[in-house]
Amino acid sequence: MWRYLAPLGIFIVLVIFLSIGLKLDPREVPSPLIGKPAPSFTLPSLTQADQTVSPEDFRGKVWLLNVWASWCVSCRAEHPVVNELARTGEVIIVGLDYKDGLKEGIEWLRQRGDPYIASAYDEDGRAGIDWGVYGVPETFVIDKRGVVRYKHTGPLTMKDVTDTLLPLVQELKKEPA
Amino acid sequence: MIPELGHFALILALGITLIQATIPLIGAARNNSTWMALARPTAQAQLLFTFLAFAALTYAFISHDFSVAYVANNSNSALPLIYRISAVWGAHEGSLLLWALTLSIWTNAVVLFSRSLPLNMLARVVGVLGLVSIGFLLFMLLTSNPFERLIPAAMDGRDLNPLLQDFGLAVHPPMLYMGYVGLSVPFAFAIAAMLSGRLDAAWARWSRPWTSVAWVFLTLGIALGSWWAYYELGWGGWWFWDPVENASFLPWLIATALLHSLAVTEKRSAFKAWTVLLAIFAFSLSLLGTFLVRSGVLTSVHAFATDPERGVFILIFLCLVIGGSLALYAWRAPQIRSVGRFELVSRETALLLNNVILVVTAASILLGTLYPLLLDALDLGKISVGPPYFNSVFIPLTIPLVMLLGLGIMSRWKRDSFSRLFGKLWPAMVFSLVIGLAWVLILLPEFKLGAVIGTILAVWVFSSSAVSFKARLSNKDRLWPALLSTPLGFYGMTLAHIGVGVFIIGITLTSIYSIEKDIRLSPGESYEMAEYTFQLDSVKTVEGPNYIASQGRLTVSKNGEVIDIMQPEKRIYRVQRMPMTEAAIDAGLGRDLFVALGEQLNAQGAWSVRLYVKPYIRWIWLGTIIMALGGLLAASDRRYRMAGKKVLDPVPAGTVVTGAA
């Protein structure tokens, strides 16, 4: 008898998980960082060998941190959107090349266009861990006081940019430094 | 007015389906033939009204009725006619309507082609299909009405997602839905058989052609989706192990297992309970696929429109359909007795192993697909499971499956021996080793172990099929009468297996020998890859009906001879401001050349260009087409057309019967 009930039992377990899953949004990940100061790092620049990049460099400005890697397929889809966002001139974007090869990273920007005001090269992923990166691409919005205000997980679309990111950036620009 | 009529037709369809799903089933339980006879007319009326609703929505698209919210969200006055028609199923509401229409078509196909079916069986099958229809019609009317008005009407529509403005959208979803929904027929047969307690060879024989046809549609639907992703997404990939792709692949794997298991049930009266379970699983996975795509519980490239509230509805529906049928199974299955007995080395064993491998493969893929959700639900963090997992479970499981294929088709029912099989098959083994190795050494640029395994397995499928074909003819004196008397089912099986071999060649060699380069080209510059020279002649701006594109022109030559002019495009769709890559593909049996425009890099007209050479990629789709043809041949075997007229005793005299029925 039991072996005939087994399929039903397994199905019930599956349904429990699916119903919990319904309440969760796989894209929306509450980042513990939101409302906290941006984790610091000092990393070599990907594009200018003799320079370093650090969040402190952008104090007093509203900026985005876009985490990407040349091995990331979704980043290919996202990249034109980031280029487009940079072209609006509304906000500066800092790139964080996460766990990537130096050559591949440089090649990527050369081929697909470089929307970043600066590109940090996070070879071993240490800075990424501090920022709570677990999937690439991810995009953070940081305000003038260096506080993380928003996080987007997964590839950006033009809709995310026009409906969420740009209005938020306008909002944050009005805040005092 | 027309949209309201469509809405009304949908409500009428629901009303009729309520009758279709109850009266014939009750009639069958009470043996009331007047009630049972309602199955036919109600199914036909349901089709009529569902079709009217579908036609009304299509009309709203063609006539640019932007006062209908669904049309305003998914069309535009500049959208070409063909895409306005395919946009009907381009988003959630319309694709549900297509689902409902497809289900109605299948139900009527059963009504039409099963004239020979006993009335109580037909009543139950149509009744069960009606129950499923109710779910979808209610879902549409309660949560996703495609006819909802937009007041005030939009001046113009927001346009169809540019990714979907393609011939692929016109054919891929209908084909896939025909497959998904088609699996409801063997499901309904299994439920009907459990309700009646008549799980016999006749039931298996009725189910087989329907399963084959649904499987054919599913095979073609998945292949079309893969082909579409290949040329439209512009990344040169043909399968991404995306949750939604998996959602279509899972029912395919189970349906494949079901096809093989039904063979045993029909011919040998064995595996009955298991076959019933597979029929339930196959359709359940189709429904689960719909849930995954439509509820947004998993992130996917296909999650165009998701809504958790709709997810709740589908989940409840899922519980009723799957939970109900599994409960029925738990109640009825203990009474099912399989009578056919077999020894360790026999065709039954080979098919049992085939089933085990296919089901384990499906279970591993299901686990990988749902794993992010499980971890998230248990609060263990968010992860994504990528192609490395799927490849590392899929490939090792399929290798033994293909090795088994050759043994299975040659082995005898009931009892066989390894020495006999080896005696028949050793030439095929040697042949596949030699040809497989030679293929890689002679035709391909370098030696790779994975490629050799792939070619050997493929040649093994071809050569063992040839041996089994020859064995089939060997005891006949003359060739032509022997060929003509061989049932279509056997030709179908052989052809489908050859398709598997062709498919293996395609996936292995493409995966291993593809070359990909991202390069920067200015007009006049050229690049050499493999034996091809790609020269960028120019990039100019062209205007489409609803987009502006930069169109590149590349001259491709080989050994100094021009072989193709390729014109990839980078399009910006005016309404949604979305950039799209239209790759240019030079297709060939031996290789595809694939060119996609990246970004313009400077004002002097330098562009980033992606170049791919993809050997044997066409074999992937060619293989699936051959498989589908095989399935069609098998489904048209004449013994199915005689089904019901003459139900033969499947167990030959003298077979040991175990257990009492």
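Mentor: Helices (H or I, at least four residues) and strands (E, at least two) are DSSP runs, numbered from the N terminus. On that count chain B has 21 helices and 10 strands. This is a predicted model, in which local features need pLDDT of at least 70, side-chain atom pairs count only at pLDDT 80 or more, and totals for chains, interfaces and linings use all residues. Residues are numbered from 1 along each chain as its sequence is written, and chains are lettered from A and ligands numbered from 1 in the order in which they are written.

Start with the chain as a whole. The radius of gyration is taken over C-alpha atoms, and the globule rule is 2.2 Å times the number of residues to the power 0.38. For 661 residues a compact globule would come out near 26 Å, and the 27 Å of chain B agrees with that. Along the principal axes, the C-alpha atoms of chain B fill a box of roughly 85 × 70 × 55 Å. Of its 661 residues, 52% count as buried (20 or more other C-beta atoms within 10 Å of the residue's own; exposed is 12 or fewer, partly exposed in between; C-beta atoms are placed from the backbone).

Now the helices. Axes are lines fitted to C-alpha atoms, for helices over the stretch in contact, and angles run from 0 to 180 degrees between N-to-C directions. Helix α8 (residues 167-182) of chain B packs against helix α10 (residues 201-232) of chain B at an angle of about 150°, with the axes 7 Å apart. That makes α8(B) roughly antiparallel to α10(B) (over 145 degrees; under 35 is roughly parallel, 65 to 115 roughly perpendicular, the rest oblique). The crossing of α8(B) and α10(B) is left-handed, that is, the near helix is turned anticlockwise from the far one by less than a right angle; clockwise would be right-handed. Residues making this contact include B:Val171, B:Met175 and B:Gly179 of α8(B) and B:Phe217, B:Gly221 and B:Trp228 of α10(B), where contact means C-beta atoms, placed from the backbone, within 7 Å. By class, the contact of α8(B) with α10(B) has 13 nonpolar, 6 polar and 1 charged residues (Ala, Val, Leu, Ile, Met, Phe, Trp, Tyr, Cys and Pro are nonpolar, Asp, Glu, Lys and Arg charged, and the others, Gly among them, polar).

Helix α10(B) also packs against helix α20 (residues 617-635) of chain B, where the axes come within 8 Å and cross at roughly 165°. These two are therefore roughly antiparallel to each other, and α10(B) passes α20(B) in a left-handed crossing. Among the residues in contact are B:Ser212, B:Val216 and B:Trp227 of α10(B) and B:Trp621, B:Met627 and B:Gly631 of α20(B). The contact of α10(B) with α20(B) divides into 13 nonpolar, 4 polar and no charged residues.

B:Leu164 lies in the loop between α7 (119-143) and α8 of chain B. With 21 C-beta neighbours inside 10 Å, B:Leu164 counts as buried. Leaving out residues up to four places away in sequence, B:Leu164 touches B:Gly90 and B:Leu169. The C-alpha atoms of B:Leu164 and B:Trp228, 64 residues apart along the chain, are separated by 9.9 Å.

Technical notes
Two residues are in contact if their C-beta atoms, placed from the backbone, lie within 7 Å.
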